[in-house]
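Reader: Can you walk me through this one? I'd like to start with the aromatic rings.

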Amino acid sequence: MLMRFEPFREFDRITEELLTASRARQIPVDAYRRGDEFKVHLDMPGVDTASIELTVEKDVLSVRATRTWAPFEGDEIQVTERAQGEFGRQLFLGESLDRDHVAAVYEDGVLTITIPVAEQAKPRKVEITHAGGGVQAVEAAPAAA
């Protein structure tokens, strides 16, 4: 049998549940740019893939999911620390990202979202031409003493 009682931790857990009962808990996230893609990893262990909702509206990417666990009749619950209910996260997308080609994969409890960098935001070489069409010598002015 598993027995552990930490009164202050239990108080923190109950307080957190009461404060977040009416709103979705925030999903932990890592985000970075790799080459011409922007990657976002969201930790969502134990979430049923059918409950994951990913939307992009204007410049906001929203992720929502639900994690539930229902004990069987007759189960004697010893510890329940894993948060249940609705989870969510909103990310604001910069104009440099291509919102029309967002892709997502859920694997091993992590939702990975890939957002390509928009073509107009990619670095490009700018050709420089001389206005006079030829080479012009420029003399340096003597430094003031």
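Predicted model: local features only at pLDDT ≥ 70, side-chain atom pairs only at ≥ 80, totals over all residues.

Reader: Ok, what sits over the ring of Phe 87, then?

Author: The charged end of Arg 25 does, at 6.0 Å from the ring centre.

Reader: Switching to the fold. How many helices and strands are in the protein chain?

Author: The protein chain has 1 helix and 8 strands. Read from the N terminus, the order is α-β-β-β-β-β-β-β-β.

Reader: And what share of the contacts is between residues 24 or more positions apart?

Author: Such pairs make up 52% of the contacts with a separation of 6 or more in the protein chain.

Reader: How much of the chain is buried?

Author: Of its 145 residues, 19% count as buried. The accessible surface of the protein chain is about 11,700 Å², and carbon and sulfur atoms hold 53% of that.

Reader: Now Lys 39. Which strand is that in?

Author: Lys 39 is in strand β3, which covers residues 37–43.

Reader: Is Lys 39 buried or exposed?

Author: Buried: its relative accessibility is 15%, and the cut-off is under 20%.

Reader: What does the Lys 39 side chain have a polar contact with?

Author: The side chain of Thr 114, at 3.2 Å.

Reader: Which other residues is Lys 39 in contact with, leaving aside neighbours within four places in sequence?

Author: Besides Thr 114, Lys 39 is in contact with Asp 30, Ala 31, Tyr 32, Thr 112 and Ile 113.

Methods. Residues numbered from 1 in each chain as written. Heavy atoms only, no water. Helix = DSSP H or I, 4+ residues; strand = E, 2+ residues; numbered from the N terminus. Buried < 20%, exposed > 50% of the residue type's maximum accessible area, 1.4 Å probe, protein only. Contact = heavy atoms within 4.5 Å. Areas by Shrake-Rupley, 256 points an atom, 1.4 Å probe, with all protein chains shown as cover. Polar contact = N/O pair within 3.5 Å; in protein donor to acceptor, adjacent residues only side chain to side chain. Lys NZ or Arg CZ within 6 Å of the ring centre and 35° of its normal.
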